[in-house]
Amino acid sequence: MNAAIMFTLMSVISHTPPTLPDPKLTPGATLPVSKYDICVPGYSSRVRNVPQSVKEQAYESYGITSREPGEYEVDHLISLELGGSNDIDNLWPQSYKTQPWNAHVKDKLENKLHQMVCDGEIELKVAQDKISKDWIGTYCEIFKANCNGEGAP
């Protein structure tokens, strides 16, 4: 393959927003909390604290050097509402624009898992493990979605 074509191809590939975090960069991290802590209204807003410098570190670690306003959020892999930490090990730049999997879709999963934990349908640790290992697979399981690419959200 021509070197110029290869460079162009690699450039396009390297700037494709990730739909899943790199487990080496974002393995997930939690706070020492229980179901009773996270199920109190307003819990997430009380613990949310990610300085801009840490957000920039997340973008840098994923090689995202430029972005449009509203293109990404620095997302908690294990959401705050599931006891996730603000630590860099739990943060990654998630696109709002990738299709079909994006930050809006993951937000639905986070809300559903939070509800399930608070309703006693799933243990907190199980919900944390599921979302950190494969949030897309967990979405398909929880919402019983056809996730073979055709019927995804």
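Which residue, just after α7, takes a positive phi, and of about how many degrees?

Guide: The residue is Lys144, which follows just after α7 and has a positive phi of about 50 degrees. The model is predicted: local features need pLDDT of at least 70 and side-chain atom pairs pLDDT 80 or more, while totals for chains, interfaces and linings use all residues. Residues are numbered from 1 along each chain as its sequence is written, and side-chain values use heavy atoms, without hydrogens or water.

Most of α7 is covered, since six of its eight residues are buried (under 20% relative accessible area with a 1.4 Å probe, protein chains only; exposed is over 50%, partly exposed in between). Those buried residues are Trp135, Ile136, Thr138, Tyr139, Cys140 and Ile142. Their packing partners are β2 (91-95), α5 (103-118) and α6 (124-133), where contact means heavy atoms within 4.5 Å.

Aromatic rings deserve attention next. The structure has four aromatic pairs (Phe, Tyr or Trp rings, the six-membered one for Trp, with centres within 6.5 Å; planes under 30 degrees apart are stacked, over 60 edge-to-face, the rest tilted). In one of the pairs, the ring centres of Tyr59 and Tyr72 lie 6.0 Å apart with planes at 80 degrees, so this pair is edge-to-face. Tyr59 belongs to helix α4 (residues 52-61) and Tyr72 to strand β1 (residues 72-76), so the pair ties together parts that are 13 residues apart in sequence. Both Tyr59 and Tyr72 are buried.

Tyr139 of α7 brings us back to the helix. With Phe143, Tyr139 forms a tilted pair, 4.5 Å centre to centre and with 35 degrees between the planes.

To sum up, α7 is mostly covered, its buried residues pack against β2, α5 and α6, and Lys144 with its positive phi comes just after the helix.

Note on methods. Helix = DSSP H or I, 4+ residues; strand = E, 2+ residues; numbered from the N terminus.
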